[in-house]
Amino acid sequence: MDVATDRPAYLAEHFTDAEQQQESAKLGMWVFLLTEILLFGGLFCAYAIYRAWYPEMFHNAHKHLDVVLGSINTVVLILSSVTVALAIHAIQHNKRKQTILFLTITLLFAATFLVIKYFEYSHKIHLGMLPGKFYTYTGIEGTNPHIFFTVYFTMTGLHGLHVLAGMIVIGWILIRTIKGHFHSEYYTPVENAGLYWHLVDLIWIYLFPLLYLVG
Amino acid sequence: MNIIPEKNYLTYPKGLKSWLFTLDHKRIGLMYLFAIMFFFLVGGIFALMIRLELFHPGQDFVSADTYNQLFTLHGAIMIFLFIIPSIPASLGNLILPLMLGAKDVAFPRLNLASWYIYVFGAMFAVYSMIAGAADTGWTFYTPYSIETNTAVISLTTGAFILGFSSIFTGLNFLVTIHKLRAPGMTWFKMPLFVWGLYATSIIQVVATPVLGITLLLLILERVAGIGIFNPALGGDPVLFQHFFWFYSHPAVYIMILPGMAIISELISVHSHKKIFGYKVIAYSSLAIAFISFLVWGHHMFVSGQSELAGMIFSFLTFFVGVPSGIKVFNWVATLYKGAVRFTTPMLYTFAFLILFTIGGLTGIFLGALSVDIHLHDTYFVVAHFHYTMMGGTVIAFFAGLHHWWPKIWGRMYNERIAKITAVLVFIGFNLTFIPQFIMGSHGMPRRYFDYLPQYQGMHELSTYGAYLLGTAFVIMAIYLIHSIFKGKPAGNNPWGGLTLEWQTTSPPDPHNFHEVPVWTHGPYDFDTIKVEPDLEKELETA
Amino acid sequence: MHTKTEHKHSTPLLVYLAVGGALLFLTVITVAVSYVDLGPFNLVVAIGIATFKAMLVALFFMHLYYDNKLFMAVFISGLMFLGIFIILTMFDTMKRDMIYEEVAKPIRPNAIIYEQPAATDQTDGQH
């Protein structure tokens, strides 16, 4: 084909230069993040409406969530966001080993988050604090306490799925970094994976106070 | 005279594998075209079955339960599998990168993935037909959709998956339009088809995720009884309607905006005159996209939502009429003193102007709170949205299909038969839906299997119209398929258009352009540039 | 082909660490404040702190502060559409018990229909 020989291997055929490719990829990622905001938006809307309808029930029910575990998870996610940012910083300066290290730490943080979430969930399930028709707990005053747990489980559940997806993405980026696909000239996939991970963190920044602190 | 290039995107590379793994936007667009036309056929057959049952009052063809499943499938298939992907995913994929002078869309692999996701979602929808088709209507309103024993989960899963396909197409187009325009093509030198698809893509990426979460919650409601939309568990069924219409109202603009985009393009080319009010048409597309998010509550005037919300939504609804009206006026003004050619695409464009105006104006009736109380859930509503969705979008889709058909295949269909068919479509369509306006305003409720004898005459007319329309579509399919093999080579620029897709060969090269095109003029500068259509003689005699 | 070696948005390392520290500090604050009963202001403070944290993440970790402003527009438009969604829905859910008085009153109090609610005229009129 008539592809010029000075085109780097990472530059796809239909782009004229690397900057166009990078900007396109990032714009695409941001539009994707926009869809994520609106996906969670539905649940935030449901939260707002049911909390406004049943403020006392929400207040009573939220006390049954574990603030200590929630706070630890918040700290874990913030730290993982920092390490992801550091990983991108490292690859920008061609420090591949540092990138690998920081991405691995991020994965460990993410796993910690899910393990803590698992303990929280199993505790709730054990007590019968389940969504909707499976709710059997009797210790919460107020109207329709099961709705609180519907909101809690759907919001944190969807967020948990995103953490899992983020781990897969970061794992894939980690493998590609180890294979040497990225360097200071080309690291857009690392950056985009980072953007995704920061959004997961950003959503948790709202979920934590709304569910655990003010209810 | 006109020659078809030996190496084009249809012939090179060869083999089934080269199609299944293609990253070429033109091939993906073509694969979309075949898929959506298949589901147009399926949805159309359901429509004809509905009309057959309604020919006489009482049961004469299917049972009441089957009837409920038929209109559900007709609606769900036509909306999720046909109209929403119709123009953007097929014609958009085929033409948009050509118009921009780009080699491909920004993310070709995502583009291919969106087609496979579409097929995957369609498989769920087809499965739901076998496994006891849903009878909820395409709106899946709770609590009935929680209680019914039919296959709601597989159909909603299908719609959920199709949402991703739609998002990926929208995302791809947004980035393509932002980043891959040819040198010289500034925002206000883009063809209006591109502007329309840009506005459409915004709605696709903003609204579709909300449909995703809605259907996800509905599935959880059925599987796990989470109670969020179930009044028996303290949930709120009207909340479901809010969630649903926050997507589904903007979704009707996902359907109509690309149709308007095609009309803006065609009306200028086929009247050989510079489009009137280019910027206003472009801005009005964006305005429609934005306002579409503010008006969903007009579907819920009798749902039990608060009176305040009803008034707010009714008030806001009227604003949609403004940009839509602006567009219609601009199109008509473009025709004024133009060298109008009565080609097949132009006949469909005229049909669009008439039918969409009727559909739009009756939409204003329905947006008025007090009038809607009377007309809600009657055939008036059915006729209204068929006038906009079918008289608008589908007619525009066929206009675009006839316009770009010679570009896609390099060959021309038989213009005379095509024109007769266009007239048949127009007559059949009006015969089907004008009676529905009348009987709707007399109180015939929608989604009813049986009716009072007083409506029989209208229903009979409507059924005749539907079968005439069906026949016209069969004729269209025959002459279009015939033209693929036997049509006359059309030349690179059969209509004399100025946009970039006409500057490459028909069918285009696998890489679209042999060299990067430079865009030096506006898309509709017919006043300064003289173009000779390759079909000049044929167009003269017509 | 010339590509940019020095990317304009290579944020200094210190910024990341400072933002990380600020986020941790704000987390401590928001937890501490939640134990003080401020009535409805608990929600306001919690959302306020969360929004400030979210801004830090978006501006510095997600580079919105340095990057193409188009990305900022995409992000903000997402929040705007979410706001439209929640606010317009709550115009319904919060105001359901608000019934306008006029609806309960006859529009024309002296119209005949209101004087004779079940008159025999009506059944005759149907034929």
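Reply: A crossing of two helices is called right-handed if the near helix is turned clockwise from the far one by less than a right angle, and left-handed if anticlockwise. Keep that rule in mind for what follows. The model is predicted.

The part to look at is helix α1 of chain A, residues 18–53. Its partner in chain B is α7, residues 192–224. The two pack at an angle of about 40 degrees, and their axes are 8 Å apart. Roughly parallel would need an angle under 35 degrees, and roughly perpendicular starts at 65. So α1(A) is oblique to α7(B). By the rule above, the crossing of α1(A) and α7(B) is right-handed.

Now the residues. On the α1(A) side, the contact is made by A:V31, A:L34, A:T35, A:L38, A:L39, A:G41, A:G42 and A:L43. They meet B:V205, B:V206, B:P209, B:V210, B:G212, B:I213 and B:T214 of α7(B). An α-helix has 3.6 residues a turn, so residues three or four places apart point the same way. By class, the residues of this contact are 10 nonpolar and 5 polar, with no charged ones.

Chain A puts 41 residues in contact with 41 residues of chain C. Three elements of chain A give two or more residues to that side: α1, α3 (67–92) and α6 (188–214). The largest share, 16 residues, comes from α1(A). The side of chain A that touches chain C holds 25 nonpolar, 8 polar and 8 charged residues.

Next, chain C itself. Chain C has 6 helices and 0 strands, in the order α-α-α-α-α-α along the sequence. Of its 127 residues, 24% count as buried. Among chain C contacts between residues at least 6 apart in sequence, 52% join residues at least 24 apart.

Back in chain B, another helix is worth a look. Helix α15(B), residues 456–486, has 31 residues. At 1.5 Å a residue, α15(B) should span 45 Å; its end C-alpha atoms are 45 Å apart, which agrees. The buried residues of α15(B) include B:M458, B:H459, B:L469, B:F473, B:M476 and B:L480. The buried residues of α15(B) pack against α2 (25–53), α13 (379–409), β1 (411–412) and α14 (415–441) of chain B.

Notes: Residues are numbered from 1 along each chain as its sequence is written. Chains are lettered from A and ligands numbered from 1 in the order in which they are written. This is a predicted model: local features need pLDDT of at least 70, side-chain atom pairs count only at pLDDT 80 or more; totals for chains, interfaces and linings use all residues. Axes are lines fitted to C-alpha atoms, for helices over the stretch in contact, and angles run from 0 to 180 degrees between N-to-C directions. Helices (H or I, at least four residues) and strands (E, at least two) are DSSP runs, numbered from the N terminus. Angles under 35 degrees count as roughly parallel, over 145 as roughly antiparallel, 65 to 115 as roughly perpendicular and the rest as oblique. Two residues are in contact if their C-beta atoms, placed from the backbone, lie within 7 Å. Ala, Val, Leu, Ile, Met, Phe, Trp, Tyr, Cys and Pro count as nonpolar, Asp, Glu, Lys and Arg as charged, and the others, Gly among them, as polar. The expected span of a helix is 1.5 Å times one less than its number of residues. A residue is buried if 20 or more other C-beta atoms lie within 10 Å of its own, exposed if 12 or fewer, and partly exposed in between; C-beta atoms are placed from the backbone.
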